[in-house]
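This briefing goes through a few features of one protein chain, grouped by topic. Look at the sequence and the structure first, then read the points below.

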Amino acid sequence: MSKRDYYEVLGLSKGADASELKRAYRKKAMEFHPDRNADNPEAEARFKEVNEAYDTLKDPDKKAAYDRFGHAAFEQGGMGGGRPGGGMHGQGDFASAFSDVFDDLFGDFMGGQQRGGGRTRAQRGSDLRYNMRITLEEAYSGAQKTITVPTSVSCDSCNGTGSANGAEPQTCPSCSGMGKVRAQQGFFTVERTCPACGGLGQTIKDPCKSCGGAGRVEKERSLAVNIPAGVETGTRIRLAGEGEAGLRGGPTGDLYIFIEVKPHQIFERDGVNLHCVVPVSMTTAALGGDIEVPTIDGGRSRVKIPAGSQSGRQMRLRSKGMPMLRGSGQGDMLIELAVETPVNLTGKQKELLKEFEKLSEDNSPESSSFFRKVKSFWDDMTN
């Protein structure tokens, strides 16, 4: 498979200058970085392709050769021999550009990095997840729940600073305040979180004994949660600022509550509608009549059963379903009839049913129609 044009890879024209090259590289590298494309198997190959293109075009000599000869300039016998980037020339520019991409990708996770070196000592706390199971009745009417969440809270002993005596943190000597260290691995310069300061860029000379310098301690918290009417399985409720406390006075994360509605013994939910299968006796289905059915609000509704109703027949009760989570309105309740065949018959009942069978002619049109089709099918098979 032939290589794509390096300018095409970066989305540039041949006249692009060094600043345009760097901006295009950063954009493409962020777009195809494997950490942002865990479910895209092609991302890593595209990321390497972008790196290779930039490594060639950022170097004035290689760029001039590529502009004149294309990929042939770097094939056997061409400039530099072997693939572009085989040497170490211009590696500082590559490392600088890669560092910018690294900062854009991971800056938020490493404590709010500042451009141009140095970083704040505070780091935002992690978001937390809490799984909550509720009943269908609670989902219908809404509910107030109290939950207990194990989390990290700001340390009272040091007011969240992490320092025992209130002294200001000092610049980390291992990373010079950058919060990351670099290691050379062949052609690439790889940046990692500084192990000495944990990526904060600063260290505390006299850590607080209660929190070990973290500025936060583990604790269980009780929280009141308002469950709105109409929630369903998968609904997510966000409680801002109720997550884990940040490191050394950093902002607190959020708490996300994921709702799961337990199955109901009578009703089955479908969006805002409710389904209810109601068994009816054979005589009620044949002669018609009235039945009472339950509703999710605890009430009752009277339903008229037409004479001759069959199993599977559905009737709709308007606005007897679930409330809409967003906006006004309410779903419907769908009643499905299940005609029940009598069991445990007495001798008298059996005699009556046999007598009824003798008197029946056109009382079962669907059955008669089906067996006429079966007879016709068999006759055609024998002819």
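**Geometry of the pair**

- Two packed helices are described by the angle between their axes and by the distance between the axes.
- H2 covers residues 18-32 and H3 covers residues 43-57.
- The angle at which H2 and H3 pack is about 165 degrees, and their axes are 9 Å apart.
- Angles over 145 degrees count as roughly antiparallel, so H2 and H3 are roughly antiparallel to each other.
- The crossing of H2 and H3 is left-handed.

**Positive phi in loops**

- Serine 319 is not a glycine, yet its phi is positive, at about 60 degrees.
- Serine 319 lies in the loop between strand E14 (314-317) and strand E15 (333-340).
- With a relative accessible area of 43%, serine 319 is partly exposed.
- Asparagine 344, also a residue other than glycine, has a positive phi near 55 degrees.
- The loop between E15 and helix H8 (347-359) holds asparagine 344.
- Asparagine 344 is exposed, and its relative accessible area is 74%.

**Confidence of the prediction**

- The protein chain has a mean pLDDT of 82, with 86% of its residues at 70 or more.
- Residues 77-97 have a pLDDT below 50, and this stretch makes 49 contacts in the model beyond near neighbours in sequence.
- Residues 106-120 also have a pLDDT below 50, with 38 contacts in the model beyond near neighbours in sequence.

Note on methods:
Residues are numbered from 1 along each chain as its sequence is written. This is a predicted model: local features need pLDDT of at least 70, side-chain atom pairs count only at pLDDT 80 or more; totals for chains, interfaces and linings use all residues. Side-chain values use heavy atoms; hydrogens and water are left out. Helices (H or I, at least four residues) and strands (E, at least two) are DSSP runs, numbered from the N terminus. Buried means under 20% relative accessible area, exposed over 50%, partly exposed in between (1.4 Å probe, protein chains only). pLDDT is the predictor's confidence in each residue, from 0 to 100. Contact means heavy atoms within 4.5 Å. Axes are lines fitted to C-alpha atoms, for helices over the stretch in contact, and angles run from 0 to 180 degrees between N-to-C directions. Angles under 35 degrees count as roughly parallel, over 145 as roughly antiparallel, 65 to 115 as roughly perpendicular and the rest as oblique. A crossing is left-handed if the near helix is turned anticlockwise from the far one by less than a right angle, and right-handed if clockwise.
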